[in-house]
Amino acid sequence: MALQMLTAKDYRTEVHANWCAGCGDYGILNSIQLALAELQLPPHEIAVVSGIGCSGKSPHYVNAYGFHTLHGRALPSATGMKLANPGLTVLAVGGDGDGYGIGAGYFVNAGRRNVDLTYLVFDNEVYGLTKGQASPTLQRGEKRKSMSAPAIQDGINPLALAISSGYTFVGRGYALEPRRLARLIAEAVRHRGTSFIDILQTCPVYNEVHTKEWYAARTDKGSRLYWLDDTDYDPMVHDPSDPDEVVAKKVQAIGKSYEWGDRIPIGVLYAIDLPTYEDGLATGRPDYGNVPLINRDHTNRDVQPLIDALH
Ligand code: SF4
């Protein structure tokens, strides 16, 4: 019997998505489902993990294992899941407030760890679920409709922070170009190591400045949003053992991440193949025959290899 190809529909659930009309989250959800179909991953081999916020509802809408965790805790939960069951494809999802505010420490440490998982941040510059307060990506001097005065502190640059934290795949996406965003997500999932995409997401309710019209506009320099893979930009480190190339590519990517305003780059900014955290675990530890944690016999355990390893 011929195998049935999975389509985006196979990753939908019957749970009604209750985001506001016109929310960019619908585009991102659609992109995730298209990406999973492109990758032909069986739903039982996928886990979607979220924190708190509008985007935190995403696991309810994807036909896969799901875990709606605590505020800012998507990454540590995703890390535990992946290490316990390396056979899972793990997607951590969340908002900019969730990931770069309360989850900032986890964000930095996930980058230097390099577990094989993908982190997607729905970045709308506000805390949408709690009525539009400034999030860590709102820049100094900017004001959104629920604020009484412009922000008096600087916003962070999540891409620059990710590159300097050690993420091995760093990209920027746009919510309202679902087919191209799907390809970018699929590329991130294929990457072996921690992949991160900051996705520019429209919030028509609380972000009346960076709207779909603003992102879609043409400026004197051309389309505001442009894809790096339509240019000669090369994000890849070709020789990870060459520190000069690594630094040069990081500097190039960080510079690119600061382009904003009239021209905003979309796509992969930085990528490098490095050993994962799982590779590190596999060395210098007792040999369990590569059996995932969830499949090991936890009642009749021989602890002698562990004692030997500690000697
Ligand atoms: Fe989307 Fe904004 Fe509504 Fe939240 S508040 S569901 S981010 S439009």
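Visitor: Which class of residue has nine members in the shell around the ligand?
Guide: This is a predicted model. The ligand is surrounded by Trp19, Cys20, Cys23, Asp25, Cys54, Asn124, Gly128, Leu129, Cys203, Pro204, Val205 and Tyr206. Two residues of this shell are polar and one is charged. The class with nine members is nonpolar.

Visitor: How are α1 and α7 oriented to each other: roughly parallel, roughly antiparallel, roughly perpendicular or oblique?
Guide: Helix α1 spans residues 25-39 and helix α7 spans residues 178-190. Their axes come within 8 Å and cross at roughly 55 degrees. That angle makes the relation of α1 to α7 oblique.

Visitor: Is the crossing of α1 and α7 left-handed or right-handed, and how do the residues of the contact divide by class?
Guide: The crossing is right-handed. On the α1 side, the contact uses Gly27, Ile28, Asn30, Ser31, Ile32, Leu34, Ala35, Glu38 and Leu39. On the α7 side, it uses Pro178, Arg179, Leu181, Ala182, Ile185, Ala186 and Val189. By class, the contact of α1 with α7 has eleven nonpolar, three polar and two charged residues.

Visitor: Where is Leu176, and what does Leu176 touch beyond four places in sequence?
Guide: Leu176 sits in the loop between β7 (169-174) and α7. Leu176 counts as partly exposed, because 18 C-beta neighbours lie inside 10 Å. Tyr65 is 111 residues away from Leu176 in sequence and 26 Å away in space, C-alpha to C-alpha. Setting aside residues up to four places away in sequence, Leu176 touches Gly24, Gly27, Thr202 and Lys212.

Visitor: How is α6 oriented to α9: roughly parallel or roughly antiparallel?
Guide: Helix α6 covers residues 158-165 and helix α9 covers residues 243-257. Their axes come within 8 Å and cross at roughly 165 degrees. Angles over 145 count as roughly antiparallel. So the orientation of α6 to α9 is roughly antiparallel.

Visitor: What is the make-up by class of the contact of α6 with α9?
Guide: The crossing of α6 and α9 is left-handed. Leu159, Ala160 and Ile163 in α6 meet Lys250, Ala253, Ile254 and Ser257 in α9. By class, the contact of α6 with α9 has five nonpolar, one polar and one charged residues.

Visitor: At what angle do α3 and α5 pack?
Guide: Leu75, Pro76 and Thr79 in α3 meet Tyr106, Phe107 and Ala110 in α5. The residues of this contact divide into five nonpolar, one polar and no charged. The axes of α3 and α5 are 8 Å apart, and the angle is about 40 degrees.

Visitor: What covers the buried residues of α3?
Guide: In helix α3 (residues 74-84), the buried residues are Ala74, Leu75, Ser77, Ala78, Thr79, Met81 and Lys82. Their cover includes β1 (46-50), β2 (65-68), β3 (89-95), α5 and β4.

Visitor: Is Asn114 buried or exposed?
Guide: Asn114 lies in the loop between α5 (104-113) and β4 (118-123). Phi of Asn114 is near 65 degrees, a positive value in a residue other than glycine. With 23 C-beta neighbours inside 10 Å, Asn114 is buried.

Visitor: Is Lys131 buried or exposed?
Guide: Lys131 is in the loop between β5 (126-127) and β6 (133-134). Phi of Lys131 is near 85 degrees, again positive in a residue other than glycine. Because 11 other C-beta atoms lie within 10 Å, Lys131 counts as exposed.

Visitor: Which residues is Gln133 in contact with, leaving aside neighbours within four places in sequence?
Guide: Gln133 belongs to strand β6. Gln133 is partly exposed, with 14 other C-beta atoms within 10 Å. Between Gln133 and Glu187 there are 33 Å in space, C-alpha to C-alpha, and the two are 54 residues apart in sequence. Leaving aside neighbours within four places, the contacts of Gln133 are Val126, Tyr127 and Ser146.

Terms used:
Residues are numbered from 1 along each chain as its sequence is written. This is a predicted model: local features need pLDDT of at least 70, side-chain atom pairs count only at pLDDT 80 or more; totals for chains, interfaces and linings use all residues. Axes are lines fitted to C-alpha atoms, for helices over the stretch in contact, and angles run from 0 to 180 degrees between N-to-C directions. Helices (H or I, at least four residues) and strands (E, at least two) are DSSP runs, numbered from the N terminus. Angles under 35 degrees count as roughly parallel, over 145 as roughly antiparallel, 65 to 115 as roughly perpendicular and the rest as oblique. A crossing is left-handed if the near helix is turned anticlockwise from the far one by less than a right angle, and right-handed if clockwise. Two residues are in contact if their C-beta atoms, placed from the backbone, lie within 7 Å. Ala, Val, Leu, Ile, Met, Phe, Trp, Tyr, Cys and Pro count as nonpolar, Asp, Glu, Lys and Arg as charged, and the others, Gly among them, as polar. A residue is near a molecule or strand if its C-beta atom, placed from the backbone, lies within 6 Å of it. A residue is buried if 20 or more other C-beta atoms lie within 10 Å of its own, exposed if 12 or fewer, and partly exposed in between; C-beta atoms are placed from the backbone.
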